[in-house]
Amino acid sequence: MELLRLCTILSLNQEDRQETAQIPARLFKCKKDMQESLPQGVNSLRLLAAAQAMNIPTKRITGRLHRYGWGFTSILMDSSVTQFDSAIGCNASKDKLFTKNILRDAGLPVVEGEVARSVDHAWQLASQFGLPVVLKPRNADGGLEVHVRLSSEEEVREAANAIFARSHQVLVERYYSSRDYRVHVHQGSIFRVVERRPGFVRGDGKSTILELLSLKNLEIAKVVGSQGGQRMPIELDLEAKRMLAYQGLTPASIPTDGDTVYLRGAANISRGGEIVPALDSAHPDNLRLAIRAAEALHLDLAGVDLLLPDISESWLQTGGIICEVNAQPQIATGHDVLLNKLLGGDGRIPIDVVLGLESVLPLKDSLDRRRRQGDSGGIGLVGQDGVFLDDECLSGPPEDQFLATSMLLGCQHLRHLILAPWHDSLAVDGLPIDRFDKLIVCTSADNLCNGQSQSLQPEGKLWSTLKQMCHSCHRTDTLEALLEYFANGGRE
């Protein structure tokens, strides 16, 4: 916000050395503040980049919370969590057992599983379900300590000990051999489907698995460096060695050319997995299953993990289960599609700047009469008299036009914003917008009184700069003509 303010001030004070003298110090502080408040998280960074490419205005509120768009079109997002997500669903999705129980209550297929209280209890449950089994923390995400296809008592106990070192509760589940799909759901429709493949290396007929893994991790680092993301290198850890043993291999083995050697059981991208687009081949029944899962948790946006033999065939025929539902899914692609669904466009509303008004109260009264006659309302006014939304006064005379304007842009009922700069407020405060629709100049001598800055009068330097920020200009000779202009909905 401060950087946008400074850019506006610089553009509006190109010839005023006194106004620009403080700019270097403010820029230095701005740089420091920006470094401390850089967007956090891959989702936020990718969504902000997509918004910029789509000409969608954004504002960082705090942490990962950003506002996309203005007024009634705007939406708040914390990473990939939207303002419409259910708090109950978000909390439940962090607990795998709660999620399972909610889905089961909705009649949806889930993996059989229970929480173990100890390592001995974990082995007892594994024996009850029958080997192989899956062990994972009850309330962790990102694939952390997910142990798949455990086929012996030693492996179960070893995995349980590792999880208990990080978490108080271990979830033991029956192992379900299938392919892993992530289905992204938003408001009852699908916008992205991918198959997630566990971390692997592919043989070249001459390199050992250890050598292939080193090359693979260099490739992962290169992708993350150029595209960002949370994909981590694949470590030759307990799980990797166990997966090699299942395949009759060791780190020193040399796979034949083209052979795929899996080093992970779970297909988590953050742990070296890869994704393949699958939306076009997905069977409608499988997509509907994902939608039902998101609806069961009352989530606006969700990533639903399905375990299916083949997503192109109906789960009703082949079988299939819901593995997890994520309220804050990592989204690697399709950010433009998502933002368009959320905002329905570029998220902008009409904004007009009126020069030549000492007071906005006559304009407010005129707009109030128009609203009482059936206009939909939602018109915000910022002037030296105060900040108004329809007939409500949101604040008295504002000390800072930048902050007053920014406040109105976040109002969910705002459909049209009218700014009436006073004195040198623009030069001192700047504006939190990059452009606006119309610059309207009331040239009546009565309105351009002594209190109005000369720079805001027609042909003044601020006015000429503002002309470059708007789509069109309009002049009125009297206050009455200005009121009639807005009474006609801003039409000639």
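Where do Arg-157 and Glu-153 lie, and how many residues apart?

**Entry 1. Basis.** I worked from a predicted model, in which local features need pLDDT of at least 70, side-chain atom pairs count only at pLDDT 80 or more, and totals for chains, interfaces and linings use all residues. Residues are numbered from 1 along each chain as its sequence is written, and side-chain values use heavy atoms, with hydrogens and water left out.

**Entry 2. The pair in α8.** I located both Arg-157 and Glu-153 in helix α8 (residues 153-164), four residues apart, about one turn of the helix. Helices (H or I, at least four residues) and strands (E, at least two) are DSSP runs, numbered from the N terminus. The two residues form a salt bridge, with 2.9 Å between the closest N and O atoms. I took a salt bridge to be a side-chain nitrogen of Lys or Arg within 4 Å of a carboxyl oxygen of Asp or Glu. By this rule I recorded 23 salt bridges. For accessibility, buried means under 20% relative accessible area, exposed over 50%, and partly exposed in between (1.4 Å probe, protein chains only). Arg-157 is partly exposed at 26%, and Glu-153 is likewise partly exposed at 34%.

**Entry 3. Strand to strand.** I next looked up Arg-179 and Glu-195, whose side chains meet in a salt bridge at 3.0 Å, N to O. Arg-179 belongs to strand β9 (residues 179-186) and Glu-195 to strand β10 (residues 189-197), so the pair ties together parts 16 residues apart in sequence. Arg-179 is partly exposed at 34% relative accessibility, whereas Glu-195 is buried at 9%.

**Entry 4. Strand to helix.** I found a salt bridge between Glu-274 and Lys-216, with the closest N and O atoms 2.5 Å apart. This pair links distant parts of the chain, 58 residues apart: Glu-274 is in strand β13 (residues 274-277) and Lys-216 in helix α9 (residues 209-227). Lys-216 is buried, at 9% relative accessibility.

**Entry 5. Asp-85.** Beyond neighbours within four places in sequence, Asp-85 is in contact (heavy atoms within 4.5 Å) with Cys-90, His-298, Leu-299, Asp-300, Leu-301 and Ala-327.
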